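Thanks for coming. Please have the sequence and the 3D view open while I talk.

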Amino acid sequence: MRITVIGGGVGCARFVLGLREHIRRSGSGDTIDVVVNTADDWWVSGLRISPDHDSLLYALAGVNDADRGWGRADESERVAAELHRWGTAPDWFTLGDLDLGTHIARTAWLRAGESVSEVYRRLGSRWPLGVTLHPATDTEIDTQVVTDEGRIHFQEWWVRHRAQLAPRGFEQLNIDSAAPAPGARAAIETADVILLAPSNPVVSIGPVLAIPGMRDLLSATRAPIVGLSGIIDGSVVRGMADACLAAVGVETSARAVAEHYGARSAGGILDGWLVDDADAACSDPLAHAGIPTRAVPLWMRDADSSAQVARDALEFAEERSARHMA
Ligand code: GDP
Ligand code: CA
């Protein structure tokens with residue numbers, strides 16, 4: 001079976017690690033493709049940085065800093081200290097030396113004319129990831145945050161302002177001229193199951209869905225599309241997704257996020273929605289809204305709990321698929 005996941009960095013990496021673990025344990029031979037958000041990407045010190053991709057790459061390769069939650073393990077910051085002295089990198093943005101190696105390689109390939117898809121392929125070939133990563137698009141669609149003081153890059157808002165500067169909205173650069181990257185398109189068209197990771201609905205999943213043609217691919221696929229809630233009992237599990245939801249007028253709740261995505265039968269994208277046991281009460285109202293919902297434990301604390309979340313998501317998706325075909 002071919003499984004395609006759509007997601008961002010942190011929440012997506014946890015889920016995909018669990019999915020890979022579940023598939024290894026089951027011995028099913030299922031394959032995993034991930035359509036990765038590229039709207040967090042930006043240029044700094046002349047280098048192209050791709051945070052969601054690199055979070056996935058490092059986590060799947062087992063070279064990530066698990067305590068800090070981002071970047072490489074055994075990292076040093078000698079180069080960044082120099083860049084700060086030269087004034088070419090903002091002092092609120094940390095770049096580790098090993099991490100900079102990735103950014104330099106990526107930038108070198110982009111400068112030589114390679115596509116983002118090809119850069120993903122080269123970076124992903126270094127370690128046996130057991131998962132294929134695809135950029136959602138090859139076009140640069142960096143998210144801009146509109147604030148009362150003007151437009152700033154998403155990273156400046158997220159990292160420098162810790163998402164505390166009131167946003168009026170989020171806009172992706174060049175979004176009108178973007179298209180799904182070929183690998184992302186194929187991964188959706190040939191998938192047997194599509195899973196939306198419990199990633200940030202506004203700045204990770206949102207930009208992927210905003211790529212012209214992406215919603216058409218999702219509405220046309222025969223595969224069931226099941227989403228996982230990153231919101232448990234009215235709060236984010238990790239990160240600052242609540243600040244993004246507030247900015248677009250969506251309540252921080254598992255139910256509101258499902259309604260934001262919408263039922264595929266009503267022009268949205270969901271055939272099913274997985275929530276945590278704490279949110280079981282939203283199953284009835286969501287079923288009325290055309291979104292079949294199941295409650296299971298959704299905290300991904302370690303390999304076992306993450307593999308169980310993946311297993312539950314696949315089981316639910318297969319049930320939805322059987323209904324779909326019936
Ligand atoms: P992203 O993965 O790049 O979108 O990173 P963000 O930090 O913007 O959002 C992460 C999302 O993942 C948030 O909504 C978190 O609540 C969610 N998340 C992180 N860990 C878990 C977990 O263990 N279980 C669930 N259900 N969601 C999680
Ligand atoms: Ca992200």
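Predicted model: local features only at pLDDT ≥ 70, side-chain atom pairs only at ≥ 80, totals over all residues.

Residues are numbered from 1 along each chain as its sequence is written, chains are lettered from A and ligands numbered from 1 in the order in which they are written, and side-chain values use heavy atoms, with hydrogens and water left out.

Start with helix H11, residues 254-261. Helices (H or I, at least four residues) and strands (E, at least two) are DSSP runs, numbered from the N terminus. Which residues of H11 are buried? They are Ala 254, Ala 256, Val 257, Ala 258 and Tyr 261. Buried means under 20% relative accessible area, with a 1.4 Å probe and protein chains only. These residues pack against several elements, including strand S9 (193-196), helix H8 (201-210) and strand S13 (272-276). Just after H11, Gly 262 has a positive phi of about 80°.

Tyr 261 comes up again in the largest nonpolar core, which has 51 residues. A nonpolar core is a set of buried Ala, Val, Leu, Ile, Met, Phe, Trp, Tyr and Cys residues joined through side-chain atoms within 4.5 Å. Ile 6, Val 35, Tyr 261 and Trp 273 have the most contacts inside this core. Among the elements that give two or more residues to it are H8, H11 and S13. Another core, of 41 residues, lies apart from it, with Leu 56 and Val 116 among its members.

Next, the second largest pocket, with a volume of about 190 Å³. Which element supplies the largest share of the lining? H8 does, with six residues.

Last, the calcium ion, ligand 2. It is coordinated by OD atoms of Asp 40 and Asp 52, at 2.3 to 3.0 Å. Asp 40 sits in the loop between strand S2 (31-36) and strand S3 (42-44), and Asp 52 in helix H2 (residues 51-61), 12 residues apart. Both Asp 40 and Asp 52 are buried. Donors here are N, O and S atoms within 2.8 Å of the metal, or 3.2 Å for Na, K and Ca; water is not among the atoms, so sites may look incomplete.

Notes
Buried < 20%, exposed > 50% of the residue type's maximum accessible area, 1.4 Å probe, protein only. Contact = heavy atoms within 4.5 Å. 1 Å grid on protein atoms, 1.4 Å probe; cavity = no way out; pocket = protein on both sides within 12 Å on 5 of 7 lines; lining within 4 Å. Points joined across faces, edges and corners; volume = space filled by probe spheres on them.
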